[in-house]
Amino acid sequence: MKGSIISGAIHGFLAVALGAFAAHGLKDVLDDYGTGIWNTAVQYQMFHATALILVGILMARSILGEVKQLKIAMICFNLGILIFSGSLMVLALTGIKVLGAITPIGGVLFLVGWVMVMLAAVKKA
């Protein structure tokens with residue numbers, strides 16, 4: 001429970017910091033294409049940072065508890081952020097197109113995480 005909330009808060013903090021960094025520190029480095037990619041990365045990082053905090057809350061004994069599916073969701077969301085958002089940020093900075101092939105792995109991890117949240121809720125219902 002605590003790990004999910006802490007990792008969500010760290011990813012949320014980093015999403016805000018990286019968004020501000022791009023807006024100010026990278027405005028002369030990124031073109032419109034790169035800025036769009038960076039913004040997508042930061043958006044998905046923030047969405048899933050929030051999801052991690054919610055998973056942590058759901059892990060409370062009075063709600064769903066620390067069921068296996070929520071632990072898997074936490075892992076998937078963390079890895080998804082690293083792979084999806086990380087690959088997009090590196091792509092935006094370097095222009096290395098092959099990184100676009102890695103990004104969907106992170107997207108699949110996000111999807112698996114959401115399915116695990118659904119399964120946790122169904123299991124407890």
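At 16% relative accessibility, Gln69 counts as buried (under 20% relative accessible area is buried, over 50% exposed and anything in between partly exposed, using a 1.4 Å probe and protein chains only). Gln69 has its place in helix H3. Setting aside neighbours within four places in sequence, Gln69 is in contact with Met116, Leu119, Ala120 and Lys123, where contact means heavy atoms within 4.5 Å.

The model is a predicted one, in which local features need pLDDT of at least 70 and side-chain atom pairs count only at pLDDT 80 or more, while totals for chains, interfaces and linings use all residues. Residues are numbered from 1 along each chain as its sequence is written, and side-chain values use heavy atoms, with hydrogens and water left out.

To begin with the overall layout, the protein has four helices and zero strands, and from the N terminus on its elements run α-α-α-α. Helices (H or I, at least four residues) and strands (E, at least two) are DSSP runs, numbered from the N terminus. The C-alpha trace spans about 50 × 25 × 15 Å along its principal axes. Of the 125 residues, 42% count as buried. Among contacts between residues at least 6 apart in sequence, 75% join residues at least 24 apart.

The helix pairs come next. Two packed helices are described by the angle between their axes and by the distance between those axes. Here, axes are lines fitted to C-alpha atoms, for helices over the stretch in contact, and angles run from 0 to 180 degrees between N-to-C directions. Angles under 35 degrees count as roughly parallel, over 145 as roughly antiparallel, 65 to 115 as roughly perpendicular and the rest as oblique. A crossing is left-handed if the near helix is turned anticlockwise from the far one by less than a right angle, and right-handed if clockwise.

For H3 (residues 68-94) and H4 (residues 103-124), the axes come within 7 Å and cross at roughly 160°; the two helices are therefore roughly antiparallel to each other. H3 passes H4 in a left-handed crossing. The residues of this contact divide into 19 nonpolar, seven polar and one charged. In this count, Ala, Val, Leu, Ile, Met, Phe, Trp, Tyr, Cys and Pro are nonpolar, Asp, Glu, Lys and Arg are charged, and the others, Gly among them, are polar.

The axes of H2 and H3 come within 9 Å and cross at roughly 165°, which makes H2 roughly antiparallel to H3. H2 passes H3 in a left-handed crossing. By class, the contact of H2 with H3 has 21 nonpolar, six polar and no charged residues.

H2 and H4 pack at an angle of about 25°, with their axes 12 Å apart, and are therefore roughly parallel to each other. The crossing of H2 and H4 is left-handed. From H2, Tyr44, His48, Ala51, Val55 and Leu58 meet Phe110, Trp114 and Val117 in H4. The contact of H2 with H4 divides into seven nonpolar residues, one polar and no charged.

The interior can now be considered. In soluble globular proteins, nonpolar side chains tend to be buried together. A nonpolar core is a set of buried Ala, Val, Leu, Ile, Met, Phe, Trp, Tyr and Cys residues joined through side-chain atoms within 4.5 Å. The largest nonpolar core of the model has 29 residues, and those with the most contacts inside it are Trp38, Val55, Leu70, Ala73, Phe77, Leu88 and Val117. The elements giving two or more residues to this core are helix H1 (2-24), helix H2 (32-58), H3 and H4. H3 gives the most to this core, with 10 residues.

Not counting residues up to four places away in sequence, Leu70 touches Val55, Leu58, Met59, Leu64, Gly65, Val117 and Ala120. Leu88, found in helix H3, is buried, with a relative accessible area of 11%.

Finally, Val98 lies in the loop between H3 and H4. Val98 counts as exposed, at 59% relative accessibility. The C-alpha atoms of Val98 and Ser87, 11 residues apart along the chain, are separated by 9.7 Å.
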